[in-house]
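Good morning, and thank you for coming.

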Amino acid sequence: PKMTTYRTGQLIEFGKLNSAVSIQHGSQTTGLARGTTPNIAHLSELSAFENPRDLVDSSLLHAMHEMEDTFLVLESTAATINDWWHDTWNASKEGWPTRRATFRPMFLPWFVGRDIYPTAAWLKKHPIDPNWKPSRMIETHAEHCREYVQSNDLLKKHLEPDWELPREQMWWYEVNYQERKRKGELPQFLQE
């Protein structure tokens, strides 16, 4: 489609489609979407937002009206216990089963990204040792992954019925886990 308006880092408009992309950030001082009525939004890394109560709860959620074409995704890595993101996750997890929460919480674990964990280029650079046997820790992790998929209706629906952590992902996880452990960065690796 043809762009009709472009302001770097702010707005891309497609007038003939009556459509626009607004680019806003989590450190701005005014609420997200104030003065507009978006029907689609994707917010990333909410745990790093400076004032999400104002930016999201007080602004964006009041600007977006529930309609058939409304779609909102909030995603983030967890950062701090009892911050806004943690509170929002807990409220959603508690309230969603009875539909008394705004958001359906969904944790997408690392292994769902089969295209990036590991990439084909990473595997070429780090081929699986033909004699490699997963450590007990990796076997335990793989079992926890399998149990999580089986306990989650959406993951169970979209992955194979007897899904197990693929060998390539076990290898990727073990190589990265051990490297981060040697570097003293294990908490950061596990958080991400």
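In this predicted model, three strands form an open, antiparallel sheet, in the order β1-β2-β3. At its edges stand β1, residues 5-7, and β3, each pairing on one side only. On average, and with direction ignored, neighbouring strands of this sheet are turned by 5° against each other. As a reminder, strands of a sheet pair through backbone hydrogen bonds, either parallel or antiparallel. Between β1 and β2, residues 11-14, there are three bridges, and the two strands run antiparallel. Here arginine 7 stands opposite leucine 11 of β2.

I turn now to β4. This strand pairs with β5, residues 71-75, in the parallel sense over five bridges. Histidine 42 stands opposite valine 73 in β5. From β4 the chain passes through helix α1, residues 52-63, to reach β5, and this β-α-β crossover is right-handed.

Finally, let us consider alanine 33, located in the loop between β3 (19-22) and β4 (40-44). Why does alanine 33 count as buried? Its relative accessibility is 8%, and buried means under 20%. Leaving aside neighbours within four places in sequence, alanine 33 is in contact with Gln24, Pro38, Leu60 and Ala63. By contrast, glutamate 164 lies 42 Å from alanine 33, C-alpha to C-alpha, and 131 residues apart from alanine 33 in sequence.

Note on methods: Residues are numbered from 1 along each chain as its sequence is written. This is a predicted model: local features need pLDDT of at least 70, side-chain atom pairs count only at pLDDT 80 or more; totals for chains, interfaces and linings use all residues. Side-chain values use heavy atoms; hydrogens and water are left out. Helices (H or I, at least four residues) and strands (E, at least two) are DSSP runs, numbered from the N terminus. Buried means under 20% relative accessible area, exposed over 50%, partly exposed in between (1.4 Å probe, protein chains only). Contact means heavy atoms within 4.5 Å. Two strands pair if DSSP finds at least two bridges between them. A crossover is right-handed if, with the strands pointing away from the viewer, the path from the first strand over the helix to the second runs clockwise. Axes are lines fitted to C-alpha atoms, for helices over the stretch in contact, and angles run from 0 to 180 degrees between N-to-C directions.
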